[in-house]
Protein chains: 4
Amino acid sequence: MSDYGKAFALMRDAAQEPWRDYTRHAFVEGMKDGTLPCEAFLHYLRQDYVFLIHFSRAWALAVVKSETYEEMLAASRTVNGLISEEMKLHIGVCETEGISQAELFATPERHENLAYTRFVLEAGHSGDLLDLLAALVPCVMGYGEIGARLASEASSETYRDWINTYAGEDYQGTCEAVGELLDSTLTRRIGADFEASPRWDRLCKTFRTATELEVNFWQMGLTP
Amino acid sequence: MSDYGKAFALMRDAAQEPWRDYTRHAFVEGMKDGTLPCEAFLHYLRQDYVFLIHFSRAWALAVVKSETYEEMLAASRTVNGLISEEMKLHIGVCETEGISQAELFATPERHENLAYTRFVLEAGHSGDLLDLLAALVPCVMGYGEIGARLASEASSETYRDWINTYAGEDYQGTCEAVGELLDSTLTRRIGADFEASPRWDRLCKTFRTATELEVNFWQMGLTP
Amino acid sequence: MSDYGKAFALMRDAAQEPWRDYTRHAFVEGMKDGTLPCEAFLHYLRQDYVFLIHFSRAWALAVVKSETYEEMLAASRTVNGLISEEMKLHIGVCETEGISQAELFATPERHENLAYTRFVLEAGHSGDLLDLLAALVPCVMGYGEIGARLASEASSETYRDWINTYAGEDYQGTCEAVGELLDSTLTRRIGADFEASPRWDRLCKTFRTATELEVNFWQMGLTP
Amino acid sequence: MSDYGKAFALMRDAAQEPWRDYTRHAFVEGMKDGTLPCEAFLHYLRQDYVFLIHFSRAWALAVVKSETYEEMLAASRTVNGLISEEMKLHIGVCETEGISQAELFATPERHENLAYTRFVLEAGHSGDLLDLLAALVPCVMGYGEIGARLASEASSETYRDWINTYAGEDYQGTCEAVGELLDSTLTRRIGADFEASPRWDRLCKTFRTATELEVNFWQMGLTP
């Protein structure tokens, strides 16, 4: 399907059930056919803004944990994209919908939201760059897969802007770059046959847990 | 009620509602009158074992973040108590109930559990010792208050061992020591009138969030 | 002299002696009058490249430790400037001088260099954003002061490019932005009279130690 | 010679030159034959006290970075030994020599001292438990080797207490336990043939740098 690198494909295959629950969640299908209530979407968008604050901090931690200039550059580009672009997008959409910037910033963080970002950040703080990337990847790549699928399957125009963002060339390029970063980081530290390493199971478990926390996040989106 | 220091009393008063939900949760009342199903208790105990692993790591982080020998000593004593004593207690109780050590170690971590410990650890990693202590204190002190109350109010002997552990002199002494550590850490960094500092609100918010995550933990205990 | 904010001026005044040793070091004066041997300059430049790798990681840590969107934005702009621009500058100058990129990347890190960056990073990891900024500021601001002074005092054209970089509008703007970040971070966490806080002494001590490590760095520059 | 495990022996062999400079330093030989001036020894002891504060924090970080109960237990035992015992020993020796506890605590940290502990702590914060252990091991094991050798070679009684501490059963047992921890941590994460992993070179480089920083520390000891 997608071409986000070797490691991601292996990790996703090792977490098939939660991956399907995440990328085919009722929230996602509701964006596809336009049945998702606008209230739920805006609630999700506000929580996602809070999410992005901490997700950006987690990508900044990837810069801290880098061992090469290439790793630093790839991670810092993502931080920059998140802080300077994606977060501004949320501010814009919310303003159009009558949610002021002050209101957006003051959004109380839901526990399903908090659980996810703190898990990711802590995986990074306690481990090395690999442990962190395994926790960061499900969000990045899942949105890429969802965007690409909905771009061809959507039967409604209601959430077309959201879909286009993640189906677009820029975001798909980010997914490919992150896939390359994951593969090269694994190869540099473990070797080309990284899936044979004793660490592989733990990394796959981190990926799976982050995927489950994505499922909880969508579910939270349905209950404003 | 309890004498766990000035800062704790202030933080608890600023989080009255969640504090009551936590310390008077149905799970707690079920231990008091013995109506808590044994299955729920054992489920809780296994999750609590996983919790203690990460909670011990968080107290070890307090040693890393200490600025004085006294702070290091107080924090390392708590780490030691948790790892060498409290975790062994859980192993013992579980073995009595037919849950082997291997089974206990392999307990899958519930998301309500994960959310709590990762929030605490991340608060510490991203902030200083004060941010960490504000997140650590609700668990330590809440169990102290619950233990002390149930020791005098319990109408059933079923959970007497658990109650005695937290009502006992050792644990109450730990609560007092942690209360002193919190007060002295605040005074050293902020001054004697620490509650007037701009940081105080954020510290109280961290305390409140940790308290809410304790409520979720008890709730999880009721649903094995 | 410079207008890099209130806190910086206070911290500098509390570390007058090492600050003078740093900003008026023989290495600096040698750039001013052109007597600094080219070999020493290139040696310094290569070590400075290694320094910038870790200094960028430290600024990325400032993003991780931010509590507001403004703090994140200010810190991430600095990361970006360091990784995408300043490090490319070093690569360029070195190439002109016949030092290949591969050779530059392989520069063995001198202990005076390592001591400085690890001190800064560790101050950040163990403390909060304030502890980190107090360690980051001497490098940023000192170069700003040196550049500005040498722009008007230099009697030789030999090191004019280096001088212009740090005397230039871009770099001076960075110093002012970092000064504002330091002041606002202090005010947000401690209050407007931050210099009366018990933390102030420790922050000044961190600033002083980082300044002393800058002196060692210049000294190292004189001994290729 | 010593039996501190497989990985340590390999790492030491990969850093033969600095290892010899460290374990056979003039300071060490001066303790052996009693020619080391008492002033240098007391100066070293005071710096070593400051060193132990940060070294204990680094071992506490090893608890934070542990993935198993066994790893946590091994690391926390070392923290405890350092904080509750070794640091008390220094306090005692200094008091005997007329250096009060207050004076000891106020010892200004020399840059050679600071460089070493911040390097170790930062290696841990930026990497995983393996990166941290590679930086912690040279100090632990080197003192074990020095103590064992001097116990049989010393021609003077002047520094016999110091020698006996590190030659003693307790300390030698710690070295063996740390050797086992290093081997098991490597095997758990990388596999039994860990020296074939791409990570091995970096770990050996960390070990080597820490060893070089030990050489600087002894050298600093000679210059009160």
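**A tour of the chain B and chain D interface**

Between them, chain B and chain D bury about 1,800 Å², with carbon and sulfur atoms accounting for 72% of it. The model on display is predicted.

Begin by selecting Val64(B), Tyr69(B) and Ile83(B). These residues supply 35% of the area that chain B buries against chain D, more than any other three residues.

Now turn to the pairings across the interface of chain B and chain D. The rule finds zero salt bridges there, while four residue pairs, both residues at pLDDT 80 or more, are in polar contact.

Finally, stay within chain B and display H4(B) together with helix H11 (residues 199–221) of chain B. Their axes lie 8 Å apart and the helices pack at an angle of about 135 degrees, which means that H4(B) is oblique to H11(B). On H4(B), select Ala40(B), His43(B), Tyr44(B), Gln47(B), Asp48(B) and Phe51(B); on H11(B), select Phe217(B), Trp218(B), Met220(B) and Gly221(B), and the contact between the two helices is in view. The residues of this contact of H4(B) with H11(B) comprise six nonpolar, three polar and one charged.

Note on methods. Residues are numbered from 1 along each chain as its sequence is written. Chains are lettered from A and ligands numbered from 1 in the order in which they are written. This is a predicted model: local features need pLDDT of at least 70, side-chain atom pairs count only at pLDDT 80 or more; totals for chains, interfaces and linings use all residues. Side-chain values use heavy atoms; hydrogens and water are left out. Buried area is the accessible area (1.4 Å probe) that two parts lose on being put together, summed over both. A salt bridge is a side-chain nitrogen of Lys or Arg within 4 Å of a carboxyl oxygen of Asp or Glu. A polar contact is a pair of N or O atoms within 3.5 Å; within protein, one must be able to donate a hydrogen and the other to accept it, and residues adjacent in sequence count only if both atoms are side-chain atoms. Axes are lines fitted to C-alpha atoms, for helices over the stretch in contact, and angles run from 0 to 180 degrees between N-to-C directions. Helices (H or I, at least four residues) and strands (E, at least two) are DSSP runs, numbered from the N terminus. Angles under 35 degrees count as roughly parallel, over 145 as roughly antiparallel, 65 to 115 as roughly perpendicular and the rest as oblique. Contact means heavy atoms within 4.5 Å. Ala, Val, Leu, Ile, Met, Phe, Trp, Tyr, Cys and Pro count as nonpolar, Asp, Glu, Lys and Arg as charged, and the others, Gly among them, as polar.
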